[in-house]
Amino acid sequence: MNHINWMEEVLKRKEDFIKDLQGLLRIKSVFNENDKNPEAPLGQGIKDALEYMLNMGSKDGFITKNVGNLAGHLEMGQGDKLIGILGHVDVVPEGDGWSVDPYGAVIKDGKIYARGSSDDKGPTIAAYYGMKIVKELGLPLNKRVRLIVGTDEESDWRCVEHYFAEEEMPDMGFVPDADFPIIFAEKGISDYDIVQDIGASTANADFKLLSFQSGRRYNMVPDFAEVHVQINSELEKMDQEYRNYLKEWELEGDVSANGNELTLTLVGKSAHGAEPRNGKNAGIFLAKFLQSLGLDAQGQKFVETISSFFNQSRGEVFDISYQDEESGELTINVGIINYTKEKGGHIGLNMRYPVTFDIEKGKAKIEETLKKNELKMENFTDSKPTYVKKDDPLIQTLQRVYEEQTGEKAELLAIGGGTYSRALDHGVAFGALFPGREDVMHQKDEYAIVDDLLKATAIYAQAIYELAKV
């Protein structure tokens, strides 16, 4: 076969593609703590979705394997080398406000609506059909190709951790769970807490910080904060000062009093923690106001620690500002704030660091800064960055395929987020969201454009063949 029209091969299978995708989308594969058992460690719905993929693969003649009901794979080809494709069939909860059944897989105006249609069941089926086309055309392969199906990408990645503890690591691969053209670099991601123990308190302070709560997730800019303050004087003056502060910064919030206890709330703007500048951090803005009041010593120290991050999201607070050409700037998001006068405080930070940043030296510098301020670091976690050089054969092949199939330049992208490519020793994220398309992942009325999924399938089919034939 001298020339293969990959899109033509996809369109021959369009009806089956849609039918198989709808079948997967109609499975409510959300992690369910109350529905798990030894045979379904993440819940029956997730197990059903994994089995759906494996049964489909068996029917189509692939070699399949279930790995502990946490992951599985479908394989074709032969050879010592292995090409890996990592997708996932778990989804986030559907939430409220849908205009259609979130598990109905209804098609309207060329879009298929369902939770998981774009993240990541639609792209996973596209990758599967890419393999299916190569297999059905009987094309000679010198490598094995394996679609690895994960089931816990939206939570703790227990699926890939378990899978690669038992199974072979691919020599190279890609992840159909992000953006086109190619994401060749993903920053490292570290979460950690700044901890302030109970310290001295000024008994006669006019203002005492009783509690401070803001944010629930390290990787989100908090859009709401609430503080309780004990106030001994000047209630009306403080009320007016706070309202003036909100007006100055074009923020919403409120003040209410119950005896000598004052409650202040502030509404900010949420954003992904990968870029704190895209949001308005409610906790930081509220701390900045409180800083000027002259709180009790313990409370004052806590709000000053938070306020130090005001307009300082690039590591300046710890003197670890850093950027590189490959992946950009280091960022720090203040995602969680918890304080009570009886227990002290915790500030949860989410740090995205460039691929060439020395995380061990950075961590040591953070701890040194905290120690000087009688604070400490706890609960440090680290997901290492992933990076494939621009001249790598994997990158070169995917660029060529993308450009041939779309007629557009295959720009290389670096992101602060994280995909399954972190689980690969040698891999990148490759689609399936095309440039300029709306990103509706995790939102109500999530959808995928059917024609885009078909185009992605053609790209994946050619990519699989090009990577595995040599």
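## Helix H7, a mostly covered helix

Let's start inside the fold: helix H7, spanning residues 282–291, is mostly covered, with eight of its 10 residues buried. Keep in mind as you look around that this is a predicted model.

Which residues of H7 are buried? They are Ala-282, Gly-283, Ile-284, Phe-285, Leu-286, Ala-287, Phe-289 and Leu-290. At the start of the helix, Asn-281 has a side-chain oxygen within 3.1 Å of the backbone nitrogen of Gly-283.

## What packs around H7

The buried residues of H7 have both helices and strands as packing partners. The helices are H6 (235–248) and H8 (297–307). The strands are S11 (207–214), S13 (224–231), S15 (261–267) and S19 (331–340).

## The chain as a whole

Stepping back, you will find 11 helices and 26 strands in the protein chain. The radius of gyration is 25 Å, close to the 23 Å that the globule rule gives for 470 residues, so the chain is as compact as a globular protein of that length. Along the principal axes, its C-alpha atoms fill a box of roughly 85 × 45 × 45 Å.

Of the 470 residues, 56% are buried. Among contacts with a separation of 6 or more, 76% join residues 24 or more positions apart.

Notes. Residues are numbered from 1 along each chain as its sequence is written. This is a predicted model: local features need pLDDT of at least 70, side-chain atom pairs count only at pLDDT 80 or more; totals for chains, interfaces and linings use all residues. Side-chain values use heavy atoms; hydrogens and water are left out. Helices (H or I, at least four residues) and strands (E, at least two) are DSSP runs, numbered from the N terminus. The radius of gyration is taken over C-alpha atoms; the globule rule is 2.2 Å times the number of residues to the power 0.38. Buried means under 20% relative accessible area, exposed over 50%, partly exposed in between (1.4 Å probe, protein chains only). Contact means heavy atoms within 4.5 Å. A polar contact is a pair of N or O atoms within 3.5 Å; within protein, one must be able to donate a hydrogen and the other to accept it, and residues adjacent in sequence count only if both atoms are side-chain atoms.
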